[in-house]
Amino acid sequence: MARYGMIIDVNKCNGCYNCFLACKDEYTGNEYPTYSAALPNDSKPFMKMIEKEMGVCPKVKVDYIAMPCLQCSDAQCVKMATGGEVYRRPDGIVIIDPEKAKGRREIVTYCPHRFISYNEAADVAQKCTFCVHLLENGAKEPRCVEGCPSGAILFGDLDDPNSEISKSMAAASTEELNPAYGLKPNVVYRNLPGKLIAGEVIFADSQECAKDVKVTLKCDEGELATTTDFFGDFEFKGLEADKAFRITLELDGYKSQTIDIKTDTDKNIGEVLMSPA
Ligand code: SF4
Ligand code: SF4
């Protein structure tokens, strides 16, 4: 038996909202008996999109975070549903029974992430079903995954060691949304937003933008490196909060620069001048 899951890579999401629209298209006006009632035209789809702003003006960035139900292995919604109105299938998909959940407005409170909403038209609590009606009819992936043009959502069987998602899990670490809840989600993330450090490098002699300067960010646990772009800009995203970092800027023929910085907030270092050696 499969155990379905997703890995959502925030860095690959370009904010096109195609996953959101695909979900809306699949469920608006369409009923899937035993899994979900039809959503009315004016309701939000089950896929939630969060826009997270970061940085300090004028170095501001936005990350888009796609949020379906996390299909938790230790789901609070299942534990709270003592009458079986929310249950976990053997393949890991958590379902709200549309018959048993009719008129049960309190079910909305069962999810600490607030991924359960109330369908006023059908008078029932609902959430993302991982498009189980499609999977049962031979689809390889849910609508939101199919609709994503940048491959930001990887879907598959976490219990199959040969699946793409299992190989990806083994190759690199993932993060949970709100790990403090302890729900063991089967939807996990990469590159969730953290603190941002940005700056720009200028040649002191010519006042031109300094391209291809090597910028290294170090902390006790390791280092990251990048180079400045055509405009002399650099940035490091997703950094741990309240951490001390040392930034080193190096370019052949120029004096190296070192800057100590702490991520108590997002930081814009501003202009850094590189002087000839
Ligand atoms: S994310 Fe919320 S609704 Fe989905 S399984 Fe977990 S606790 Fe239940
Ligand atoms: S898996 Fe299906 S129901 Fe869930 S967010 Fe994606 S499209 Fe919507």
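These legends describe close-up views of a predicted model.

**Figure 1**
The protein has 5 helices and 16 strands. Both are DSSP runs, numbered from the N terminus: helices are H or I with at least four residues, strands are E with at least two. The C-alpha atoms fill a box of roughly 75 × 40 × 30 Å along the principal axes. Of the 277 residues, 45% count as buried. Buried means under 20% relative accessible area, exposed means over 50%, and partly exposed lies in between (1.4 Å probe, protein chains only). Among contacts between residues at least 6 apart in sequence, 57% join residues at least 24 apart. A contact means heavy atoms within 4.5 Å. Residues are numbered from 1 along each chain as its sequence is written, while chains are lettered from A and ligands numbered from 1 in the order in which they are written. In this predicted model, local features need pLDDT of at least 70, side-chain atom pairs count only at pLDDT 80 or more, and totals for chains, interfaces and linings use all residues; side-chain values use heavy atoms, with hydrogens and water left out.

**Figure 2. The shell around ligand 2.**
Which residues surround ligand 2? Among them are Cys-23, Tyr-27, Cys-128, Cys-131, Arg-143 and Cys-144. A residue is near a molecule if one of its heavy atoms lies within 4 Å of it. Helix 1 (18–27) and helix 4 (143–147) each supply at least two residues of this shell. By class, the shell divides into 10 nonpolar, 1 polar and 1 charged. Here Ala, Val, Leu, Ile, Met, Phe, Trp, Tyr, Cys and Pro count as nonpolar, Asp, Glu, Lys and Arg as charged, and the others, Gly among them, as polar.

**Figure 3. The shell around ligand 1.**
Ligand 1 has 14 residues around it. Cys-69, Leu-70, Cys-72, Cys-77 and Cys-111 come nearest. This shell has 10 nonpolar, 3 polar and 1 charged residues.

**Figure 4. Helix 1 and its buried face.**
Cys-19, Ala-22, Cys-23, Glu-26 and Tyr-27 of helix 1 are buried. Seen down the helix axis, they fall within an arc of 115 degrees, so they line one face of helix 1. The arc is that of the directions from the helix axis to the C-beta atoms. An α-helix has 3.6 residues a turn, so residues three or four places apart point the same way. The cover over the buried residues of helix 1 includes strand 2 (48–56), strand 3 (59–67) and helix 4. Gly-29 follows helix 1, with a positive phi near 75 degrees.

**Figure 5. Ser-36 in its loop.**
Ser-36 is found in the loop between helix 1 and strand 2. Is Ser-36 buried or exposed? Its relative accessibility is 3%, so Ser-36 counts as buried. Leaving aside residues up to four places away in sequence, Ser-36 touches Tyr-27, Glu-31, Pro-98, Gln-126 and Thr-129.

**Figure 6. Strand 10 and its two partners.**
Strand 10 (residues 195–203) is mostly covered, with 7 of its 9 residues buried. Strand 10 pairs with strand 13 (residues 233–239) in the antiparallel sense over 5 bridges. Strand 10 and strand 16 (residues 267–274) run parallel, joined by 6 bridges. Two strands pair if DSSP finds at least two bridges between them. Glu-200 has Asp-233 as its bridge partner in strand 13 and Glu-271 in strand 16.
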